[in-house]
Amino acid sequence: MRVALECLLLDFDGVLVNYARHLRVRHLAEACGRTPAEVQAALFDSGLERRHDEGMDSGAYLQELSAALDTEISVAQWQAARIAASPPQHSVIERVQRIACTLPIAILTNNGALMAETIPQILPGLAASLEGRILCSGALGGRKPDPAVFLQAVERLNARPTHTLFVDDLFVNVRGARQAGLHADTAHDSRSFGKLMHRFGLDA
């Protein structure tokens, strides 16, 4: 398949990193002197994380999390826990680095706005290519797989849906992207990512 692509749009968790929620919970619990169960309840069981993903102000989010855990959670502590839980898929990232030399890349992730500041720390080798091109659901006011989110994303990136390739590890999100007119498919490791890039002539 040969398409004149204008953008390679990538999911974050599950494509570029192997996100492990339990590691994030454990790391934050150790940092703030609470149990993993308490952090799980405050962050996820309460729905707080989902609200941040859907557009809750990051300051209010951290304030509510701090109140629930009865201790101040700083941006640095939050980021450290997220980084600890997000080991990069190095072989995928190396491919993306090579592709980024000739094709604009971007990230579209169902995460709160704090992730736009955190992802460059997790992916320093891609930070320059991703400057201003990390799109979080918390800043877009909607989540994948809503087709409207994909259309908003490509508009912000000055790309056209029919000239954008989107990669996600979840087919439900791929389906939403396709409904919006993007080329899209799943990948979750170096092998599947490489096969997909080959199909689109991105054999960097």
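This is a predicted model: local features need pLDDT of at least 70, side-chain atom pairs count only at pLDDT 80 or more; totals for chains, interfaces and linings use all residues.
Local features were taken only at pLDDT of at least 70 and side-chain atom pairs only at pLDDT 80 or more, whereas totals for chains, interfaces and linings use all residues. Residues are numbered from 1 along each chain as its sequence is written, and side-chain values use heavy atoms, with hydrogens and water left out.

Secondary structure elements are DSSP runs numbered from the N terminus (helices: H or I, at least four residues; strands: E, at least two). Five strands form an open sheet with parallel pairing, in the order β3-β2-β1-β4-β5; two strands pair if DSSP finds at least two bridges between them. The edges are held by β3 (134-136) and β5 (183-186), each with a single partner strand, so one side of each has no neighbour in the sheet. On average, neighbouring strands are turned by 20° against each other, direction ignored. Axes are lines fitted to C-alpha atoms, for helices over the stretch in contact, and angles run from 0 to 180 degrees between N-to-C directions. Strand β4 (residues 164-168) pairs with β5 in the parallel sense over four bridges, and Val167 stands opposite Asp185 in β5.

Helix α7 (residues 114-122) touches β2 (105-109) and β3, and its direction makes about 140° with that of β3. Helix α10 (residues 171-179) touches β4 and β5, and its direction makes about 175° with that of β5.

In helix α9 (residues 147-156), the buried residues are Val149, Phe150, Ala153 and Val154. Buried denotes under 20% relative accessible area, exposed over 50%, and partly exposed in between (1.4 Å probe, protein chains only). Viewed down the α9 axis, these buried residues fall within an arc of 130°, so they line one face of the helix; the arc is that of the directions from the helix axis to the C-beta atoms. Their cover includes β2, β3, α8 (137-140), β4 and α10. At the N-terminal end, α9 is capped by Asp146, a side-chain oxygen of which lies 3.0 Å from the backbone nitrogen of Ala148. After α9 comes Asn158, with a positive phi near 55°.

Asn111 lies in the loop between β2 and α7. With a relative accessible area of 5%, Asn111 is buried. Apart from neighbours within four places in sequence, Asn111 is in contact with Asp13, Asp53, Arg82, Cys136, Ser137 and Gly138. The side chains of Asn111 and Asp13 are joined by a polar contact of 3.3 Å. A polar contact is a pair of N or O atoms within 3.5 Å; within protein, one must be able to donate a hydrogen and the other to accept it, and residues adjacent in sequence count only if both atoms are side-chain atoms.

Thr118, located in helix α7, is buried at 0% relative accessibility. Its side chain forms a polar contact of 3.2 Å with that of Gln79. Leaving aside neighbours within four places in sequence, Thr118 is in contact with Trp78, Gln79, Arg82 and Ile83.

A search of the whole structure for disulfides (a pair of cysteine sulfur atoms within 2.5 Å) returned zero. For Cys136, which is in no disulfide, the nearest cysteine sulfur is that of Cys7, 15 Å away. Cys136 is buried at 2% relative accessibility, and Cys32 is buried at 9%.

Methods:
Contact means heavy atoms within 4.5 Å.
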